[in-house]
Amino acid sequence: MNPDYLIAFLASTAGAATPLVLASTGELVAERSGVLNLGLEGIMLVGAVAGFSVALHSGSLGLGLLAALLAGAAMALIFAFLVLTLRTNQVATGLALTLFGIGLSAFLGRDLVGQTVTPLPKLSFPVLSDLPFIGPLLFRFDAVVYGSLAVVAIVAWMLARSRLGLQVRAVGEAPHSAHAIGIRVAKLRYASVLFGGAMAGLGGAYLSLALTPMWVEGMTAGRGWIALAQVVFATWKPRGVIWGAYLFGGVTVLQFHGQGLGLAIPSEFLSMLPYLATIVVLVIICRNPQTILLNKPMSLGQNFKPA
């Protein structure tokens, strides 16, 4: 493998990992507050079509990303109202949200198929971008790639070092105790779910505005489910999200670079690699229940009703 090909492979991995980083980081915050949102796939699709539509008609990629973020938050608001206010079952509601998002995105995008937009531009840093090997590997990505890493860093600091993070973790571990000392459980859970939805919507928009700058029905191709699995893979720790996302991103890119690497493997097998890797990793991790239970929020998936 020559250096140019290696650089192309690693750079593609960063792009493929970015939607997963955003979606799984947002979901991690929601789950640390005790809410399990299985609707990520639907939210990402709605974010993808909303971002693409606004960018196409306005000519502004920035507005497209903002629209995707708001669309994702709106979808999450529906979910939050159902599970936090009406106290519906979180699992069933999340699955329903995914089905709703799949149908809604197909309906909204029926006239957008076949149209394209100019992809997000790559940033250029003086001197740094021109460095051999390091330049194209680290300093020639678009703003969302760098922004996704910043989001993980901020969330990690927030959960570990800030008062807000302590409250979010308290709500996820023991909501009744948190309520007893004056923490507004419902408010924090609403905010956490909305943040998770906004990040999932942004991750979906990255697919339609950067990776493949067009709208294709069902273009998330299961990434919402992989993002959910990554939260478990990361054992609910932000730093684990990075490793998981880039691992799955690399496996995803491998299916496109497989033939170039000289791998005599059927394309159908390469296409299923990301999902196979997800299953294998989860099986390996779940063999040790203590690893999961150590960081899993105790009230995850449980509705809260003030006494």
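# Reading rings, burial and helix packing

Tutor: Tyr 146 counts as partly exposed, at 25% relative accessibility (buried means under 20% relative accessible area, exposed over 50%, and partly exposed in between, with a 1.4 Å probe and protein chains only). This is a predicted model, in which local features need pLDDT of at least 70, side-chain atom pairs count only at pLDDT 80 or more, and totals for chains, interfaces and linings use all residues. Residues are numbered from 1 along each chain as its sequence is written, and side-chain values use heavy atoms, with hydrogens and water left out.

Student: Is Ser 208 buried or exposed?

Tutor: Ser 208 has a relative accessible area of 0%, so this residue is buried. Ser 208 belongs to helix α9, residues 185-211 (helices are DSSP runs of H or I with at least four residues, strands are runs of E with at least two, and both are numbered from the N terminus).

Student: Which residues is Ser 208 in contact with, leaving aside its neighbours within four places in sequence?

Tutor: They are Ala 48, Phe 52, Val 117, Pro 213, Met 214 and Met 219, where contact means heavy atoms within 4.5 Å.

Student: How many aromatic pairs are there?

Tutor: A pair of aromatic rings is described by the distance of the centres and the angle of the planes. Rings of Phe, Tyr and Trp (its six-membered ring) pair if their centres lie within 6.5 Å; planes under 30 degrees apart count as stacked, over 60 as edge-to-face and the rest as tilted. By this rule there are four aromatic pairs. In one of them, Phe 125 and Phe 139 have ring centres 5.9 Å apart and planes at 75°, so the pair is edge-to-face. This pair joins distant parts of the chain, 14 residues apart: Phe 125 lies in the loop between α4 (90-108) and α5 (134-138), and Phe 139 in the loop between α5 and α6 (143-161).

Student: What are the values for Phe 125 and Tyr 146?

Tutor: Their ring centres are 5.8 Å apart and their planes stand at 90°, so this pair is edge-to-face. Here too the chain parts are distant: Tyr 146 is in helix α6, 21 residues from Phe 125. Phe 125 is partly exposed, at 29% relative accessible area. One aromatic cluster is formed by Phe 125, Phe 139, Phe 141 and Tyr 146.

Student: How many of the residues of helix α10 are buried?

Tutor: Eight of the eleven residues of α10 (residues 223-233) are buried, and the helix is mostly covered. The buried residues are Arg 223, Gly 224, Ile 226, Ala 227, Leu 228, Ala 229, Gln 230 and Val 231. Their cover includes α1, α2 (40-58), α9, α11 and α13 (273-286).

Student: At what angle do the axes of α2 and α10 cross?

Tutor: Two packed helices are described by the angle between their axes and the distance between the axes. The axes of α2 and α10 cross at roughly 130° and come within 7 Å (axes are lines fitted to C-alpha atoms, for helices over the stretch in contact, and angles run from 0 to 180 degrees between N-to-C directions). The two helices are therefore oblique to each other (under 35 degrees is roughly parallel, over 145 roughly antiparallel, 65 to 115 roughly perpendicular, and the rest oblique). The contact involves Leu 40, Glu 41 and Met 44 of α2, with Arg 223, Gly 224, Trp 225, Ala 227 and Leu 228 of α10.
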